[in-house]
Amino acid sequence: MTTSTVPTTSTRPTASATATRVPKRRRRRHRVGANIIAIAFSVIWIFPVYWMINTAFKPRSGVMTPTPQFIPFNPTLNNFIEAITQTTFLTNLRNSVIVVLGAVIIALALSLFASAALSRFRFRGRKTIMVLILAVQMLPGTALLIPQFLIFNDIGLIGSYFGLILAYVAAVLPFSIWVMRGFFIAIPVEVEEAAMMDGANTWQVLWRVLFPLIVPGVISTSIFAFISAWNEYILAYTFMKDQSMYTLPIWLVSFSTPTGGTDYGGQMAASVLFALPVVIFFLIIQRHLVTGMSAGAVKG
Amino acid sequence: MIALIVAPIIFLLFTSFTNYNQRTLFTGVYSFVGVDQYAKIFVDPQFWWSLIITVIFTVALVVGSLVIGIAVSELLTRLGKVMRYIVTVALIFAWGMPNVASSQVWNWLFQPGYGVINWLLTQLHVFGDLTNLSWSNNTVLALVCIWMLVVWQAVPFIALTTYAAQTQVDQAYIEAARLDGASEPRIYFSVVLNFLKPTILLITVLSIIWDFNVFNQIWLVTQGGPNNTTATLGIWTYLTAFTNFKIGAGAAISVVTTVLLLIFTGFYIRSLLRSGEDL
């Protein structure tokens with residue numbers, strides 16, 4: 001995104017000494033007001049996450065009280081222990097890991113070759129493919145869900161890891177190709193030409209010269225594919241009808257205690273277990289999030 | 001590899017002209033019914049209700065998240081380093097939460113009986129005793145509840161993207177306007193927003209597409225209820241195809257939704273092209 005609009009205001013050379021003297025006091029007062037709004041905003045925005053963690057650490061007797069407890073008295077890890085040991089958590093975690101890894105690896109491999117082809121070779125229909133890739137990104141989820149379900153049902157892929165992996169690859173591929181292509185375009189053609197002059201063949205140029213240069217692209221694409229696949233719910237919910245094949249999002253939604261009924265302490269502990277890796281991940285990569293994803297779809 | 005996506009779409013179109021249903025899943029038998037499914041959709045009041053709800057809900061989401069997001073971005077420019085860091089972390093927590101998890105948290109926050117939101121509202125002593133208020137059983141309240149959930153998660157992306165663009169605005173223009181005696185709001189609306197226009201346009205188009213397609217949050221909070229009144233087009237498609245197993249009809253609704261969205265997509269591609277992307 002480039003913001004190169006020419007402003008309509010006149011550009012007058014500023015004497016900053018006189019310019020800052022006048023409004024300084026006013027700005028300080030603004031600073032105080034801004035801080036108050038910022039604190040209020042942060043409290044509201046963080047509250048749902050806080051409430052999730054707060055509830056997760058409460059003993060069962062402390063969850064449903066007429067007056068909510070804003071700090072867990074005698075915090076306990078029981079909810080977490082129960083969520084892990086008394087449900088199918090470990091099986092479902094394994095399913096999630098298999099499906100997510102499978103989807104990320106296949107999507108990465110396909111998007112590498114597709115984007116290399118789209119950015120480096122000029123061929124008939126290239127433009128059509130690019131427009132198609134953009135358009136497909138915007139499709140409503142059900143537009144792919146219905147036909148995929150029918151096709152997979154015919155060829156026996158419903159309820160299998162491979163079926164779900166393929167569905168996820170289809171979901172993340174367009175965006176992955178789009179992002180990766182951006183990284184390819186940023187590499188000057190001269191680099192390849194120099195390698196060619198030194199006697200490298202096309203394959204060597206691709207493997208030895210280009211791929212090391214697009215590692216950042218590979219990383220952004222994997223992050224995007226990982227988050228999308230880890231969080232995906234409705235495809236998995238539709239395809240995986242057997243509890244032993246659930247991925248973690250379905251496990252989380254269908255969470256209930258052995259005694260039956262909704263156990264919010266346990267459910268919040270389960271939410272923490274499921275959400276924590278992603279949230280920590282976001283905090284680590286936050287600086288790259290805005291630049292890397294501004295053209296894309298890291299959103300529910 | 002495009003076939004992984006294009007072939008299903010063609011198959012979707014094909015299915016929308018058949019009476020594919022639950023029995024077909026086992027026997028593979030279906031018959032061609034032409035435009036029957038479409039004819040049925042357009043006389044179905046539920047379709048028009050879903051369309052209207054989807055449009056109203058999308059507009060409310062886009063306007064809400066953009067106004068709050070852009071305001072937060074402006075707020076960020078007026079903060080010191082520490083406060084800015086705190087707000088950013090709060091934003092990233094909301095952004096990073098998988099929406100399946102945040103929907104569960106929302107169900108608990110708004111739970112009738114012991115939910116903390118009802119408790120807080122009751123403490124205000126304005127609306128009376130709301131302890132047992134059930135948000136998901138009332139169409140308007142359910143939509144308000146889901147609206148808050150989606151906006152909560154949409155604001156971080158909008159605020160941080162806008163803020164990134166806002167830091168690129170040359171301070172000299174703002175100083176110049178200030179010297180010319182422009183008031184602070186005037187500077188913001190005439191100078192700063194002018195710079196942000198391309199960014200905001202892009203975010204708006206993306207938000208329209210995303211918000212139109214909101215699914216998980218509605219599904220997990222109300223499942224389209226009460227009485228399908230909160231069923232947006234996406235939810236209604238899913239209910240038709242996978243709960244009532246009228247797959248042919250579901251496919252037809254999906255095609256109609258896709259056509260509606262493609263109108264926006266064309267707009268998005270055009271705006272990308274204009275911002276200098278070389279296809």
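This is a predicted model: local features need pLDDT of at least 70, side-chain atom pairs count only at pLDDT 80 or more; totals for chains, interfaces and linings use all residues.
This short talk walks through two contacts and one residue in the structure above.

Let's begin where chain A and chain B meet. How many residues does each chain bring to the contact? Chain B brings 89 residues, and chain A brings 77 residues.

Now let's look inside chain A. Chain A is split into domain 1, covering 30-76, and domain 2, covering 84-293. Taken over C-alpha atoms, the centres of these two domains of chain A are 33 Å apart. Where they touch, domain 1 of chain A gives seven residues and domain 2 of chain A gives six. On the domain 1 side, the elements giving two or more residues are helix H2 (24-56) and helix H3 (60-63) of chain A. Which of the elements gives the most? That is H2(A), with four residues. Sorted by class, the domain 1 side holds four nonpolar residues, one polar residue and two charged residues.

Asn99(B) sits in helix H6, residues 99-109 of chain B. Is Asn99(B) buried or exposed? Asn99(B) counts as buried, because it has 22 C-beta neighbours inside 10 Å, and the cut-off for buried is 20 or more. Asn99(B) and Val150(B) are 51 residues apart along the chain, yet their C-alpha atoms are separated by 8.7 Å.

Terms used: Residues are numbered from 1 along each chain as its sequence is written. Chains are lettered from A and ligands numbered from 1 in the order in which they are written. Two residues are in contact if their C-beta atoms, placed from the backbone, lie within 7 Å. Domain bounds come from an automatic or database domain assignment. Ala, Val, Leu, Ile, Met, Phe, Trp, Tyr, Cys and Pro count as nonpolar, Asp, Glu, Lys and Arg as charged, and the others, Gly among them, as polar. A residue is buried if 20 or more other C-beta atoms lie within 10 Å of its own, exposed if 12 or fewer, and partly exposed in between; C-beta atoms are placed from the backbone.
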